[in-house]
Amino acid sequence: MPRLVVATGNPGKLKELQAYLDDLGWELALKPPELEIEETGQTFLENARLKATQVALATGEWAIADDSGLAIDALNGAPGLYSARYGVTDADRINRVLSELANQPDRRAQFVCALVVVRPDGTVAAEAEGICPGEITTAPRGEQGFGYDPIFLMPELGLTYAEMSAAQKHELSHRGRAIALLRPQLATL
């Protein structure tokens with residue numbers, strides 16, 4: 001079974017990716033903890049390429065990386081690449097977004113997830129980008145998920161990510177959409 005090193009130190013992200021890719025025969029592993037990667041890209045795809053390439057070259061193994069975030073139209077795409085650093089805690093980030101959108105009628109937003117798989121020699125083998133359009137609620141709703149999930153609404157379902165079942169989010173989210181595009185490429189590697 002080929003090994004795929006996930007460019008993260010987060011066991012939760014590894015578990016989530018493993019659930020998406022379990023049936024493809026890849027064994028997933030966390031990157032070495034001492035390997036720190038600075039995200040200097042200008043897009044989610046550039047950051048994912050950078051992380052996967054550095055992990056592949058450092059380990060000599062296949063690597064996968066994702067970069068994702070929330071882009072809000074009325075905030076000119078913010079928090080965007082800085083989604084994880086838009087506050088100290090999830091509650092801080094949510095409160096900041098809701099405060100910045102106070103009295104703003106345009107609540108359109110999208111979650112973006114870029115995924116990149118890199119060969120041990122550092123060349124890109126596969127990449128995909130999933131986008132999930134939605135809206136920002138005026139107050140948090142739901143108990144599931146993490147991050148911005150309680151304020152990201154999929155209007156066609158009338159549910160925030162935090163109100164969805166794990167199976168719904170797995171299929172419909174930005175990450176789910178990116179994985180769906182990546183799976184056929186991974187199956188041929």
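Colleague: How much space lies in the second largest pocket?
Modeller: In this predicted model, the second largest pocket has a lining that includes Glu16, Tyr20, Gln144, Met164 and His170. By class, that lining has five nonpolar, four polar and two charged residues. The space that lies in the second largest pocket is about 220 Å³.

Colleague: Which element gives the most to the lining of the largest pocket?
Modeller: The largest pocket, with about 840 Å³ of space, is lined by 33 residues, and those nearest its centre are Asn10, Lys13, Ser68, Ala84 and Arg175. Two or more lining residues come from each of α1 (11–21), β3 (62–72), α3 (90–100) and α5 (174–187). The element that gives the most, with five residues, is β3.

Colleague: How far apart are the end C-alpha atoms of helix α2, and what span should its residues have?
Modeller: Helix α2 covers residues 44–59, which makes 16 residues, and at 1.5 Å a residue these should span 22 Å.

Colleague: Within what arc do the buried residues of α2 fall?
Modeller: The buried residues of α2 are Phe44, Leu45, Asn47, Ala48, Lys51, Ala52, Val55 and Ala56, and they pack against β1 (3–6), β3, β4 (108–118) and β5 (124–136). The face turned away from this buried side carries the exposed residues Leu57 and Ala58. Seen down the helix axis, the buried residues line one face of α2, because they fall within an arc of 165°.

Key
Residues numbered from 1 in each chain as written. Predicted model: local features only at pLDDT ≥ 70, side-chain atom pairs only at ≥ 80, totals over all residues. Heavy atoms only, no water. 1 Å grid on protein atoms, 1.4 Å probe; cavity = no way out; pocket = protein on both sides within 12 Å on 5 of 7 lines; lining within 4 Å. Points joined across faces, edges and corners; volume = space filled by probe spheres on them. Helix = DSSP H or I, 4+ residues; strand = E, 2+ residues; numbered from the N terminus. Nonpolar A, V, L, I, M, F, W, Y, C, P; charged D, E, K, R; others polar. Expected span 1.5 Å × (residues − 1). Buried < 20%, exposed > 50% of the residue type's maximum accessible area, 1.4 Å probe, protein only. Arc of directions from axis to C-beta. Contact = heavy atoms within 4.5 Å.
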